[in-house]
Amino acid sequence: MQATTIRKLLLLFVSTFMLIISHASSLRFHYINSHNFTTKTSATSSSSAAAHRSRNPSLALVRRDAITGATYPSRRHAVLDRVARDNARAEYLVRRLSPTYLPTDLGSEVVSGLDEGSGEYFVRVGVGSPPTEQYLVVDSGSDVIWVQCKPCLQCYAQADPLFDPASSTTFSGVSCGSAICRMLSSSGCGDAGRCQYEVSYGDGSYTNGVLALETLTVGGTAVEGVAIGCGHRNHGLFVGAAGLLGLGWGPMSLVGQLGGAAGGAFSYCLASRGPGSSADAGSLVLGRSEAVPAGAVWVPLVRNPQSPSFYYVGLSGIGVGDERLPLEAGLFQLSDDGAGGVVMDTGTAVTRLPQEAYAALRDAFAGDVGALPRAPGVSLLDTCYDLSGYTSVRVPTVSLYFDEGATLTLPARNLLVEVDGGIYCLAFAPSSSGLSILGNIQQEGIQITVDSANGFIGFGPNTC
C-alpha cells in the first residue's frame with residue numbers, strides 16, 4: 001500500500017474516532033487535521049442510539065457553561081477558567097483522598113466554592129410528585145443525593161425554583177431509628193424524630209437538612225422511594241445547581257439505592273468538546289441491560305477502604321507510540337493506607353500523573369512529534385505546539401496498561417486540547433502527590449460502563 005493511502009486512512013481513523021481497546025495494539029501514531037481537530041463527533045453514534053432505545057432511565061448530560069450562561073472573549077480565556085477550576089478540583093481530590101483527610105466542620109467559611117460543588121456535568125431530574133424539574137451536579141465520588149428545599153434558612157442562588165416538599169404528595173420524612181438513617185456517615189435526630197443529614201466538602205461548602213423518601217423522575221421514568229437530603233441550610237457556590245446526584249460506590253448513591261432495578265450498573269459517554277458544540281455533553285444511562293455492552297474491555301475496580309465511594313482502577317503502566325515507558329514498579333498502586341492509586345473522575349479535565357510518570361510521558365511525546373514548533377505553556381499545560389501552519393500533523397498515541405492485561409489506546413483527540421487558534425497543549429499534568437486522576441478529556445468520546453455490583457469498569461465498544 002502506498003504511503004499516501006496509509007496517510008488518508010489514518011486521517012479517516014481520527015475523524016471518525018474509532019477507539020482501540022484490546023490486549024495488544026500496534027498502532028503507534030495518528031495523523032490529525034489541525035483545522036478540524038476538536039469538532040463534535042457524529043450525533044448518530046451507536047451509544048446515542050442505544051440510549052434512545054433503552055427502557056432504562058437515560059439522561060442528557062449538560063455542560064457547566066450551559067447552566068451558568070458564561071461567555072468568554074476568546075478560547076484562551078475559556079481554557080484558563082477551565083484550568084483554574086481543574087486545579088481546584090484536583091487539589092480537592094488530593095486532600096479528600098489523603099489518608100490523613102478530616103472532614104471540614106460545618107459552618108466554616110467557604111474559600112472558593114470551586115473544588116467539589118461546582119461540577120462540570122449536570123442532569124435534569126424531576127423531584128417529587130408532581131415533579132419539580134431541577135439541575136443536579138453529577139458526581140461519581142459522592143453518595144448522598146440532595147436538593148435545596150423550602151423553607152430555606154440559608155440557601156445559595158440556583159437556576160430553578162426551590163423544591164417545596166409541602167407541594168409533593170410523595171415526600172415522606174425518614175425517622176431517626178430507621179436503617180437508612182444509620183447508613184449516613186453523619187446524621188442526627190431532629191424535631192419529631194426526623195433523621196437529619198450533613199454533608200461537608202473540602203472547600204467549606206456544605207448542606208444539611210432532613211433525610212426523606214421521595215420520587216425522582218429520571219429520564220421520564222418515575223423512581224419511587226429514593227432517599228434524598230432535603231437541604232434547609234446550604235452554603236457554597238454550586239453554579240446554579242439545585243443540588244447533587246451522587247453516583248458513588250456506596251449504598252446511598254442513586255445506583256446503590258436502585259439495586260436490582262439498575263443491576264448496580266450505569267454508563268456514560270462524554271461528548272467531545274469543540275467549536276460550536278452544543279450544550280448536550282453526552283448521556284447517562286442507568287441499568288444493566290443497556291449499561292453492560294458486549295465487546296467492552298473490562299478492568300477490575302479497586303476499592304479504597306479509606307474512601308469507599310470513589311472508583312479506582314488498577315494501572316500498571318503507560319506507553320507512548322506503543323513503547324512502554326520505563327517507570328518504577330508499583331508507581332500507580334493504591335497503598336494499604338489509601339494513598340496513591342488511580343481514581344476515575346468526571347469533574348477533573350486534565351489527567352494527573354505522579355511527577356515521574358508525567359515527566360516520562362511528556363518527554364517521550366515531545367520526542368515522537370519531532371520538530372513541530374513549540375508554543376509557550378498555558379498555566380499547568382506546559383507542553384504546547386503551534387499547529388496553525390499545518391493541515392495535518394503526526395502525533396503518537398498514548399496507551400494505558402491496566403492490571404490483568406487490558407490496554408486502552410487513546411487517539412489524538414484525547415491527548416491534546418486547543419487553547420487558542422492553532423495552539424494545542426498536551427492534556428496531562430503532574431500531580432502534587434502520588435494520586436493519579438483519569439480526567440474527562442481522556443474519557444471523552446468513549447462509552448464508559450461502571451458495573452459497581454460486580455466490581456468492574458468497561459471501556460467501549462461504542463463511541464459518542
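In this predicted model, a disulfide links Cys 152 with Cys 155, with an S to S distance of 1.3 Å. The torsion about this S-S bond is 70°, and the link of Cys 152 and Cys 155 is right-handed. Cys 152 has a relative accessibility of 26% and therefore counts as partly exposed, and Cys 155, at 31%, is partly exposed as well.

The structure holds 5 disulfides, among them one that joins Cys 149 to Cys 230 with an S to S distance of 2.1 Å. Because Cys 149 lies in the loop between β6 and β7 whereas Cys 230 belongs to strand β11, this pair ties together parts that are 81 residues apart in sequence. The torsion about the S-S bond of Cys 149 and Cys 230 is about -130°, so this disulfide is left-handed, and both of its cysteines are buried. A further disulfide connects Cys 181 and Cys 195, also with 2.1 Å from S to S, and it joins helix α5 to strand β9.

The UniProt record, an unreviewed entry, places the feature "active site" at Asp 139 and Asp 345; although these positions are spread over 207 residues of sequence, they cluster in space, the largest C-alpha distance being 8.3 Å. Asp 139 is found in strand β5, whereas Asp 345 is located in the loop between β19 and β20. Asp 139 has a relative accessible area of 3%, which is under the 20% limit, and is therefore buried; Asp 345 is likewise buried at 3%. A polar atom of the Asp 139 side chain lies 2.9 Å from the backbone nitrogen of Gly 141, while the side chain of Asp 345 reaches the backbone nitrogen of Gly 347 at 3.4 Å.

Methods:
Residues are numbered from 1 along each chain as its sequence is written. This is a predicted model: local features need pLDDT of at least 70, side-chain atom pairs count only at pLDDT 80 or more; totals for chains, interfaces and linings use all residues. Side-chain values use heavy atoms; hydrogens and water are left out. UniProt positions are given in the numbering used here, feature names are shortened, and annotations may be inferred rather than shown by experiment. Helices (H or I, at least four residues) and strands (E, at least two) are DSSP runs, numbered from the N terminus. Buried means under 20% relative accessible area, exposed over 50%, partly exposed in between (1.4 Å probe, protein chains only). A polar contact is a pair of N or O atoms within 3.5 Å; within protein, one must be able to donate a hydrogen and the other to accept it, and residues adjacent in sequence count only if both atoms are side-chain atoms. A disulfide is a pair of cysteine sulfur atoms within 2.5 Å.
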